[in-house]
Amino acid sequence: MRTKTTSRFSFRAVAAFLGFVAVVSTSALTLVPSKETKRPNIIIVMADDLGYSDLGCYGGEISTPNLDQLAQGGLRFNACYNAGRCCPTRASLLTGLYPHQAGIGKMTFNEGAPGYVGSLNEHTVTIAEALRSAGYQTGMVGKWHISETVERKDKAEQLKWLAHQQEFGDFADLKTYPTARGFDKFYGSIWGVVDYFDPFSLVYGNKPVKTVPKDFYYTNALGDSAVAFVNQFTKSQKPFFMYVAYTAPHWPVQALPEDIKKYENMYKDGWQALRQQRYQRLLDLKLFDAATTPLPEFMFPAKDWATNPNRQWDAHAMAVHAAMVDRMDQNIGHLIAELKRTKQLDNTIILFMSDNGASPEDPTEFGPGFDRAGSTRTGQTVAFPKQKEVLPNGELVHAGIGEVWAHSLNTPFRYYKAKQHEGGITTPLIVHWPQGVQQPGRIVREPLHVIDMMNTCLALAKAPYPSTYQGRSITPSPGKSFVPLLTSAKAPTQRLHPELFWEHFGAAAFRQQDWKIVRLNAQAPWELYDLRNNRSETKNLASQQPERVQAMSQRWQQLAEVYQAFPKPTTPQ
C-alpha cells in the first residue's frame, strides 16, 4: 500500500503574480509585465549517488522505463558534470555558483573560512528565489542538505534524536530552510542521510513531521508529494518550478521486498561481468565509442568474484540498490502521469540528473552516530554488518554497496563519489521538453556543469540573474544557459565553457577545452588526459607534457583563489 501524503497536507497559496518577469534594479528584483509567450513549467529531478550507467537509457540493466521514455522523447547528455558530492552539488545547482562560492566547499559544517561556512552564504540567490520573483510558483520535495548541521554534544542525546526518541527543536537554523530560500512548498529532509522507513529531519514547510504511517517508504512519500504539488500548482495559470530531490539510491541500501525480488538473481555473476555488459550497451547506444572511450582496467585486480567469500551478500546488496533506483523511476512515472492528466507535460521541461557518481562509502565502518541512528523509534537495534553477517533489506540493517560495485556502476569511467575523475563528477542528464526540444532522441556531447542549471532556468523563465537580492549583493554566476543546445540540433560553434573547475577535500580537477588535469588528493601528483581522445582517462600524459601540466595547474591555482577554494579552513572537523 502506498503512503498517500496528499491526504496529510494542506497547501498554502503562492504570492507571486501571473504574467510578470524579473528585472534588476539597484536594490532588488522587481516585477514588470511580460509581453512574451507562455513560459514553461520547470522540474529538476535529482537522484542521489546514482551510478553513471544505472539507468536503462545509459546502459544499465535496472528497469527504468519512465526515465528511458523521457530520454527517447528528449535528449541525453554524455558530458554533464556535477561537483562530485551531495551537498556541494546541491549548492551549485540551486545558486549557479561553484560550491565554495556558495559556502559549501566541503560539507555542512562551519569551518571558519568563506568557502566553508556549511550553508548557503548571504551572497547567494537560489533558483527558487529568482523564479518566484519572476512570477513562478515554487515547490520542493526531498533532500535539502545545504543547511549547517550541528549535532548534539552528548552522543547519547544525538542517537536518541536520530531515532525519534527525543526532540531537540529545529534540525537547523530556520533561516536556512527551503521555505526561507524561495520555496513556497517543501516536504522533505533537512539533513543528508535517512532511514527510508522513518527518516530523520523530515519536515513539511518548516515544521517537523513527528510520525509516519506503518507502510511509509520515503521514495514513495516524495513521489506522492511531488504529484500533490503539481496538482495544486496546476489550479493556477502561473507557471511553476519544482525541485524533486530523491535520496535514492544513497546508502543505507533499504528497499521494498517486491522491488528487491525483481533483482535477487541479477547480480550473481559479479562486478567484472556487470562492467563488461554495461560497457557493451553504452557502445550499442552510441553514448561512447570504443576508440575514444576504452573500458579502463578493473580498479581492484586483487578482487575476483569467483573467489569472493561474500558473493551472496554483495549480490544481494546490489539487488537492493537496483530496487531503490527502480522505485524512484516508478515514482517519476507517477509524476509524468500527473503532468499528462493536467495537460501540462508538453509545456513542462523536466531535467533529470545525479549529484555525483555511485558511492564507495561503507557505512558499516562508521557505525551509529552523527546522522546514523543505532536503533528505531521503538528501540529495535539497527545492525551495521561490518563482517557482512546480515543481509541488507529493510530498516533494521544499515549498509552500502561498497567501492567495487561503485566502480562498476560508473562504467565506463574510473573512480566514484568524492573523487574528481570522470566517475565521480559525471552525471547522466536527461532533458525532456516536447514544446522546446528539437530532434528528440539525440545525444548531446557538449560539456556542461551543474552551475548551468540556474542560468538555464532563468533563460526559460525570461528572467535575469540578479546583482542584488533583498538588499544583499549577489556573487555573479560563472554558469551559462544551455537552452540553445535544446532548441537547436546544430553543433555549437564554440564551447559553452572553455574552462571548468573542481576541488573537494583536496581532490581536484581542471578542464580546459578537451584537456583535463586531475589529482586524487592535495598530496597526489597531477594527471593529464586528452578527453577528446581518451574520455575514460586511461592514458595519463603528464610525463609527456609537463609544460601543459604546469600551465594548467597554475591556472587551477588562480581559479581556486577566485572561487574561494582558498583560504582553506583552519578549524578541524
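In which loop is Pro 412 found? Pro 412 is in the loop between α11 and α12 (422–425), where helices (H or I, at least four residues) and strands (E, at least two) are DSSP runs numbered from the N terminus. The peptide bond that joins Thr 411 to Pro 412 is cis, with omega about 20 degrees.

Before I continue, a word on the model. It is predicted, so local features need pLDDT of at least 70 and side-chain atom pairs count only at pLDDT 80 or more, whereas totals for chains, interfaces and linings use all residues. Residues are numbered from 1 along each chain as its sequence is written, and side-chain values use heavy atoms, with hydrogens and water left out.

Pro 249 belongs to the loop between β9 (240–245) and α7 (257–263).

I turn now to helix packing. Two packed helices are described by the angle between their axes and the distance between the axes. Here, the axes of α8 (residues 270–284) and α11 (residues 402–409) come within 9 Å and cross at roughly 15 degrees. Axes are lines fitted to C-alpha atoms, for helices over the stretch in contact, and angles run from 0 to 180 degrees between N-to-C directions. The angle makes α8 roughly parallel to α11 (under 35 degrees; over 145 is roughly antiparallel, 65 to 115 roughly perpendicular, and the rest oblique). Among the residues in contact (heavy atoms within 4.5 Å) are Trp 271 and Leu 274 in α8, which with others of that helix meet residues of α11 including Val 404 and Trp 405.

Next, the sheet. An open sheet of 4 strands has the order β16-β17-β18-β19, with antiparallel pairing; two strands pair if DSSP finds at least two bridges between them. Its edge strands, β16 (499–504) and β19 (527–530), each pair on one side only. Between β16 and β17 (residues 507–512) there are 6 bridges, and Glu 503 has Ala 508 in β17 as its bridge partner.

Finally, two residues other than glycine have positive phi. For Lys 388, phi is about 60 degrees, and this residue lies in the loop between α10 (363–366) and α11. For Gln 470, phi is near 50 degrees, and its loop runs between β14 (468–469) and β15 (472–473). Is each of them buried, partly exposed or exposed? Lys 388 counts as partly exposed because its relative accessibility is 30%, whereas Gln 470, at 56%, counts as exposed. Buried means under 20% relative accessible area, exposed over 50%, and partly exposed in between (1.4 Å probe, protein chains only).
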